[in-house]
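Work through the exercises below with the sequence and the model side by side. Try each task before reading its solution.

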Amino acid sequence: MANIKSAKKRAIQAIRLRDHNMSLRTAVRTAVKNVSKAVAAGKKEDAARVLQASQRVIDRVVAKGVLHRNAGNRYKSRLSHAIKGMK
């Protein structure tokens, strides 16, 4: 642990921020998983509805800088491609 007061504060803030960022990344993974489940169930309308919700989550996390812009776009592209491939 650091000895200087400001370094101690920064260490505590880093832990707090890491926990917050991890929860946001988990929300993205959950959103992606929900779309995948809907696609696997074969319900195109439900999958499209869940995709819109997951795109909001992904865009929000990208805007906060937790997830890279290209990674967010890649997730959304793959999910929409999976839904378009449904019959």
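**Exercise 1.** Classify Arg 49 by relative accessibility, then find its salt-bridge partner.

Solution. Step 1: Arg 49 has 52% relative accessibility, so it counts as exposed. The classes are buried (under 20% relative accessible area), exposed (over 50%) and partly exposed (in between), with a 1.4 Å probe and protein chains only. Step 2: the side chain of Arg 49 meets that of Asp 46 in a salt bridge, 3.2 Å from N to O. The criterion for a salt bridge is a side-chain nitrogen of Lys or Arg within 4 Å of a carboxyl oxygen of Asp or Glu. Step 3: Asp 46, at 29% relative accessibility, is partly exposed. In general, an α-helix has 3.6 residues a turn, so residues three or four places apart point the same way.

A note on the basis: this is a predicted model, in which local features need pLDDT of at least 70 and side-chain atom pairs count only at pLDDT 80 or more, while totals for chains, interfaces and linings use all residues. Residues are numbered from 1 along each chain as its sequence is written, and side-chain values use heavy atoms, leaving out hydrogens and water.

**Exercise 2.** The structure holds two salt bridges. Locate the one formed by Asp 59 and say what it joins.

Solution. Step 1: the partner of Asp 59 is Lys 76, with the closest N and O atoms 2.6 Å apart. Step 2: Asp 59 lies in helix H2 and Lys 76 in helix H3, so the pair ties together parts that are 17 residues apart in sequence. Helices are DSSP runs (H or I, at least four residues), numbered from the N terminus. Asp 59 is partly exposed at 38% relative accessibility, whereas Lys 76 is buried, with a relative accessible area of 16%. Step 4: list the surroundings of Lys 76. Leaving aside neighbours within four places in sequence, Lys 76 is in contact (heavy atoms within 4.5 Å) with Gln 55, Ile 58 and Asp 59.

**Exercise 3.** Which residues of H2 are buried, and how are they arranged around its axis?

Solution. Step 1: set the limits. H2 covers residues 44–63, 20 residues in total. From first C-alpha to last, H2 reaches 28 Å, close to the 28 Å expected at 1.5 Å a residue (1.5 Å times one less than the number of residues). Step 2: the buried residues are Ala 47, Leu 51, Ser 54, Val 57, Ile 58, Val 61 and Val 62. Step 3: down the axis of H2 they fall within an arc of 130°, so they line one face of the helix. The arc is taken from the directions from the helix axis to the C-beta atoms. Step 4: on the other side, Glu 45, Arg 49, Arg 56 and Ala 63 are exposed. Step 5: the cover over the buried residues includes helix H1 (5–41) and helix H3 (69–84).

**Exercise 4.** Examine Ser 54 and list its contacts.

Solution. Step 1: Ser 54 lies in helix H2. Step 2: its relative accessibility is 2%, so Ser 54 counts as buried. Step 3: beyond neighbours within four places in sequence, Ser 54 is in contact with Ala 31, Val 35 and Leu 79.

Terms used: Helices (H or I, at least four residues) and strands (E, at least two) are DSSP runs, numbered from the N terminus.
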